[in-house]
Amino acid sequence: MNGRRIVSIMTKQSSVIRAMMRTSTAVHRFVFSASKGKFLGPNRFGGMPVLMLTTTGRKSGKQRTTMLTSPVHENGTFVVVASGGGSDSAPAWLLNLRDNPMVEVSEGGDARPMRARIVSAQERTELWPKVVAGYQGYEEYQKKTNREIPLVLLEPV
């Protein structure tokens with residue numbers, strides 16, 4: 001099998017994974033919103049809070065919402081993981097908040113403004129073991145990709 005064929009197969013697989021993740025997020029967002037956070041709300045997925053993160057699209061300027069879990073959370077600050085399921089490309093929400101760090105976070109039906117920031121290399125070194133302790137799948141995601149998976153702090157404003 002030549003190199004172009006392998007790249008083509010990998011690109012198709014990556015597209016399928018992204019499509020599956022978008023569909024899953026849409027279903028989760030609908031259930032979360034319709035139930036006002038009672039289903040798929042705080043501490044409902046592997047003991048981790050489920051959040052709705054709303055960013056401003058970096059190209060469109062439109063509000064974009066995605067469902068995320070927070071394996072580390074304390075004092076109103078959440079850590080979210082830009083894993084994309086181990087994809088080689090960064091999730092769109094990460095790119096959006098890089099351009100505009102002011103976000104809205106809904107947890108259990110309560111929405112509030114927050115500021116997002118990507119953690120430094122030193123902070124990541126300290127937080128990564130806690131993230132993996134919260135959900136071991138993140139370690140597998142990191143093994144699947146060549147990029148270092150960023151961690152993002154969502155802090156109250």
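Entry 1. Overall counts.
I take a residue as buried when its relative accessible area is under 20%. The model I am looking at is predicted. On that cut-off, 38% of the 157 residues of the protein are buried. I then looked up the accessible surface, which comes to about 9,300 Å². Carbon and sulfur atoms hold 54% of that surface.

Entry 2. Elements.
I find 4 helices and 7 strands in the protein. Read from the N terminus, their order is α-β-β-β-β-α-β-β-α-α-β. I also checked how far apart in sequence the contacting residues are. Of the contacts between residues at least 6 apart in sequence, 63% join residues at least 24 apart.

Entry 3. The sheet.
I traced the strand order. The 7 strands form an open sheet, E2-E1-E5-E6-E7-E4-E3, with antiparallel pairing. E2 and strand E3 (72–74) are at the edges and have a single partner strand each, so one side of each has no neighbour in the sheet. On average, and ignoring direction, neighbouring strands of this sheet are turned by 30 degrees against each other.

Entry 4. Strand pairs.
I went through several pairs in turn. E5 and E6 are antiparallel and share 6 bridges. Within that topic I noted Met102, whose bridge partner in E6 is Arg115. Strand E6 (residues 110–118) is joined to E7 by 5 bridges, again antiparallel. Ile118 has Val152 in E7 as its bridge partner. On E4, residues 77–81, I count 4 bridges to E7, residues 151–156, and the two strands run antiparallel. Phe78 stands opposite Leu154 in E7.

Entry 5. Nonpolar cores.
In soluble globular proteins, nonpolar side chains tend to be buried together. I looked for such groups here. The largest nonpolar core has 15 residues. Those with the most contacts inside this core are Leu53, Trp93, Leu97, Val103, Val152 and Leu154. Two or more residues of this core come from each of strand E1 (50–56), E4, helix H2 (92–99), strand E5 (102–107), E6 and E7. H2 gives the most, with 3 residues. Apart from this core lies another, of 12 residues, including Val119, Leu127, Trp128 and Tyr138.

Entry 6. Leu154.
I listed the contacts of Leu154, leaving out residues up to four places away in sequence. Leu154 touches Leu51, Leu53, Gly76, Thr77, Phe78, Val80, Val103, Val105, Met114, Arg115 and Ala116. Phe78 in this list is also the residue that stands opposite Leu154.

Entry 7. Thr66.
Is Thr66 buried or exposed? I find Thr66 in strand E2, residues 63–69. Its relative accessible area is 14%, so Thr66 is buried. I also took the distance from Thr66 to Thr55, which is 11 residues away along the chain. The C-alpha atoms of the two are separated by 8.5 Å.

Notes. Residues are numbered from 1 along each chain as its sequence is written. This is a predicted model: local features need pLDDT of at least 70, side-chain atom pairs count only at pLDDT 80 or more; totals for chains, interfaces and linings use all residues. Side-chain values use heavy atoms; hydrogens and water are left out. Two strands pair if DSSP finds at least two bridges between them. Buried means under 20% relative accessible area, exposed over 50%, partly exposed in between (1.4 Å probe, protein chains only). Contact means heavy atoms within 4.5 Å. Accessible areas come from the Shrake-Rupley method with a 1.4 Å probe; for residues, only the protein chains shown count as cover. A nonpolar core is a set of buried Ala, Val, Leu, Ile, Met, Phe, Trp, Tyr and Cys residues joined through side-chain atoms within 4.5 Å. Axes are lines fitted to C-alpha atoms, for helices over the stretch in contact, and angles run from 0 to 180 degrees between N-to-C directions.
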